[in-house]
Amino acid sequence: MGVKGLLITLEGIDGSGKSTAAKHISTQLQEIMPERRLILTAEPTGGEAGKILRARLSSDGPCSSPSRRMEELFLFMADHADHLARLVCPSLEEGAIVISDRYADSTAAYQGVTLQGIVPDPVQWIRSVYAPWNMPPDLTLFFALDPALALKRMRSRQEREKFEQLEFLRSVNENFRRLVALEPGRFVSIDASRDAQDVAAQALKRILKRVQTSL
Ligand code: TYD
């Protein structure tokens, strides 16, 4: 039997530093395990639905009408399905370690906010739509950071994406915390308020521990 694939996802609000950490982690992990196939990926992806989403993310604020919000949810879901079919599942079958910067939990957390007042308990509703067909991660690192601090960090960024507003991020953060509480065995919280190197080191340590237990 070949090596078992491992799916690790990185989650957190905008500005939590997970994308920077993802690059450090994958470089260091590849140095530690040069023989292991490692895939660093992200959602939204570069696929068809992902491209539509990326183009929209630079617009003004969360979409206003219920039908546009539903459209956006299904674009994120279509992108996730495409990600599974095109990259995640085939790579896991080949025994790779797949690290995804955002995954289905981002949809539950973010669209769990945009769908409020449209569907009852949107976080659970989205989870139930994903449940029959999603590939569950083996480990999810939640980059925990106070939304006010996350926003302060993002002030230095040139462009502001539409979800990067304090009240919105507070609600997204609440949803993430709820997801962590629902599945404490899958999530590990990382203190993302520390400096970038320290955050990446904490994350790498957790990942290595999980890789070792899967061998
Ligand atoms: P991304 O480019 O990963 O932002 P960041 O660099 O801050 O991590 O993601 C773009 C935005 O899309 C981000 O604000 C989160 C949002 N998003 C959703 O609303 N739903 C989703 O399912 C995903 C994957 C992302």
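Helix H4 gives the most to the shell around the ligand, with 4 residues; helices here are DSSP runs of H or I with at least four residues, strands are E runs of at least two, and both are numbered from the N terminus. The model is predicted, so local features need pLDDT of at least 70 and side-chain atom pairs count only at pLDDT 80 or more, while totals for chains, interfaces and linings use all residues. Residues are numbered from 1 along each chain as its sequence is written, and side-chain values use heavy atoms, with hydrogens and water left out.

**Around the ligand**

- Helix H1 (18-32), helix H2 (48-57) and helix H4 (104-114) each put at least two residues into the shell.
- The shell has 15 residues, and Asp-14, Lys-18, Arg-54, Thr-107 and Gln-111 come nearest (a residue is near if one of its heavy atoms lies within 4 Å of the molecule).
- By type, the shell splits into 5 nonpolar, 4 polar and 6 charged residues. Nonpolar covers Ala, Val, Leu, Ile, Met, Phe, Trp, Tyr, Cys and Pro, charged covers Asp, Glu, Lys and Arg, and the others, Gly among them, are polar.
- Now for the polar contacts (pairs of N or O atoms within 3.5 Å). The side chain of Lys-18 has an N or O atom 2.6 Å from a ligand oxygen, and the side chain of Thr-107 has an N or O atom 2.6 Å from a ligand oxygen too.
- On its own the ligand has 550 Å² of accessible area, and the protein covers 93% of that (Shrake-Rupley method, 1.4 Å probe).

**Gln-111, in the shell**

- Gln-111 sits in helix H4 and is buried, at 1% relative accessible area. Buried means under 20%, exposed over 50%, and partly exposed in between, with a 1.4 Å probe and protein chains only.
- Beyond its neighbours within four places in sequence, Gln-111 is in contact with Glu-72, Leu-73, Phe-76, Ser-106, Pro-122, Ile-126 and Phe-163 (contact means heavy atoms within 4.5 Å).

**The nonpolar core**

- The largest nonpolar core holds 60 residues, and Ile-99, Tyr-110, Leu-141, Phe-143 and Ile-207 touch the most other members. Such a core is a set of buried Ala, Val, Leu, Ile, Met, Phe, Trp, Tyr and Cys residues joined through side-chain atoms within 4.5 Å.
- Helix H8 (residues 196-214) supplies the largest share of this core, 7 residues.

- Val-188 lies in strand E5 (residues 187-191) and counts as buried at 17% relative accessibility.
- The C-alpha atoms of Val-188 and Leu-141 are 5.0 Å apart, though the two residues are 47 apart along the chain.
- Not counting residues up to four places away, Val-188 touches Leu-139, Thr-140, Leu-141, Phe-142 and Arg-206.

- Most residues other than glycine have a negative phi, and most peptide bonds are trans.
- The bond from Glu-43 to Pro-44 is cis, with omega near -5 degrees, and Pro-44 is in the loop between strand E2 (38-42) and H2.
- Arg-102 has a positive phi of about 80 degrees; Arg-102 is in the loop between strand E3 (97-101) and H4, and is buried at 12%.
- Asp-121 has a positive phi near 40 degrees; Asp-121 is in the loop between H4 and helix H5 (122-130), and is partly exposed at 38%.

Terms used. A polar contact is a pair of N or O atoms within 3.5 Å; within protein, one must be able to donate a hydrogen and the other to accept it, and residues adjacent in sequence count only if both atoms are side-chain atoms.
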